[in-house]
Amino acid sequence: MTRWIGESLYENDPKVGYQQRFRADKVLFEEKTEHQDLIIFENAFFGRVMALDGVIQTTDKDEFIYHEMISHVPIFAHGNVKNVLIIGGGDGGVLREVLRHKDVDCTMVEIDASVVEMSKQYFPSHSAGAFENPRCNLVIADGLKFVKETMDRFDVIIVDSTDPIGPGEVLFTSEFYADCHRCLSMGGILVTQNGVPFFQGEEVSVTQERMSPHYLDMSFYVVAVPTYVGGFMTLAWASDNESLRKLSLEDVRSRFDASGLDTHYYSPEVHIGAFGLPRYIQKLLK
Ligand code: SAM
């Protein structure tokens with residue numbers, strides 16, 4: 001009997017009633033972890049797919065789009081990154097992209113050890129050996145607690161979290177954004193996964209309200225990820241260095257060329273263009 005796996009994000013929402021579904025050609029892992037329901041299955045087109053609490057997290061087919069944009073935009077914008085903090089990111093895709101920058105050390109704080117273990121086993125190309133890299137410091141802990149207590153300072157903080165439900169809810173609070181500001185080095189950058197405004201418009205307005213009081217500059221950039229249905233996903237951006245969001249194409253290009261990185265989605269043009277927000281998203285902002 002063919003099994004179809006549907007995403008619950010908008011299915012039961014009385015204001016929406018919409019669902020993306022995948023044919024699960026083979027279910028590889030399905031278990032309730034200490035923190036959430038984790039399922040990993042194979043689909044003929046998307047390859048391996050992971051869902052947490054009924055919400056699609058990543059697929060083999062389109063992961064590069066999201067992982068390149070949430071990693072390279074802040075790192076190339078900053079221009080002199082030595083130390084990165086990832087909150088969440090258990091599948092290892094962001095870690096992979098961050099460690100492609102040769103001079104960067106990275107601390108990754110993930111709450112659910114099972115997501116890391118199962119991702120190493122079933123999504124080896126996501127991390128591509130990054131968990132074994134000596135520049136990686138993996139900490140299994142709650143991100144909120146970590147940013148409240150750490151004495152380290154980071155040039156870039158990347159929050160690759162689940163949606164604001166379950167363990168991820170605390171990562172969308174004013175308290176968390178204030179503690180991230182405390183952990184940033186002078187002129188550092190915070191970037192956070194912030195939902196798909198076509199369906200989750202409120203998440204943009206609420207994040208602006210909660211994040212902007214703690215930073216001199218706060219905005220969003222966008223990326224379209226096929227399995228994060230609804231068009232553009234927003235990535236929130238915050239820094240006390242207002243010039244970093246307004247770099248010229250030439251500036252970004254010279255940093256990109258100097259890095260020698262080959263990418264599959266990210267480019268200096270896409271970087272600059274991503275901060276151009278469509279009107280329906282601009283209208284969500286105060
Ligand atoms: N890219 C995906 C997205 O945009 O929906 C997110 C992928 S990643 C797998 C999300 C990770 O955030 C999960 O591994 C989850 O365990 C982790 N996470 C959720 N809440 C957390 C918390 N409070 N502290 C640290 N990690 C957390």
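This is a predicted model: local features need pLDDT of at least 70, side-chain atom pairs count only at pLDDT 80 or more; totals for chains, interfaces and linings use all residues.
Colleague: What share of the contacts join residues at least 24 apart?

Modeller: That share is 66%, counted among contacts between residues at least 6 apart in sequence.

Colleague: Switching to the open sheet, what is its strand order?

Modeller: The four strands run in the order β3-β4-β5-β6 with antiparallel pairing. β3 and β6 (55–59) stand at the edges with a single partner strand each, so one side of each has no neighbour in the sheet. From one strand to the next, the twist averages 20 degrees.

Colleague: How many bridges are there between β3 and β4?

Modeller: Those two strands pair over six bridges, in the antiparallel sense, and Glu-31 stands opposite Leu-38 in β4.

Colleague: OK, helix α3 next: which of its residues are buried?

Modeller: In α3, which covers residues 113–122, the buried residues are Val-115, Val-116, Met-118, Ser-119 and Tyr-122. They pack against β3 (26–32), β4 (37–43) and β5 (47–52), as well as against β8 (105–110), α4 (124–127) and β9 (136–140), and β3, β4 and β5 also belong to the open sheet.

Colleague: What does the side chain of Asp-112 reach at the start of α3?

Modeller: A side-chain oxygen of Asp-112 comes to within 3.0 Å of the backbone nitrogen of Ser-114.

Colleague: Last topic, the largest nonpolar core: which members touch the most others?

Modeller: Of its 45 residues, those are Val-84, Leu-95, Val-98, Tyr-221, Leu-235 and Trp-237. Helix α1 (residues 63–78) gives this core its largest share, nine residues.

Colleague: Picking Val-84, what is it in contact with beyond its neighbours within four places in sequence?

Modeller: With those neighbours left aside, Val-84 is in contact with Ile-75, Val-98, Val-104, Asp-105, Cys-106, Thr-107, Phe-154, Val-156 and Ile-158. There is also a second, separate core of 27 residues, including Val-109, Phe-146, Cys-180 and Cys-183.

Technical notes: Residues are numbered from 1 along each chain as its sequence is written. Side-chain values use heavy atoms; hydrogens and water are left out. Buried means under 20% relative accessible area, exposed over 50%, partly exposed in between (1.4 Å probe, protein chains only). Contact means heavy atoms within 4.5 Å. A polar contact is a pair of N or O atoms within 3.5 Å; within protein, one must be able to donate a hydrogen and the other to accept it, and residues adjacent in sequence count only if both atoms are side-chain atoms. Two strands pair if DSSP finds at least two bridges between them. Axes are lines fitted to C-alpha atoms, for helices over the stretch in contact, and angles run from 0 to 180 degrees between N-to-C directions. A nonpolar core is a set of buried Ala, Val, Leu, Ile, Met, Phe, Trp, Tyr and Cys residues joined through side-chain atoms within 4.5 Å.
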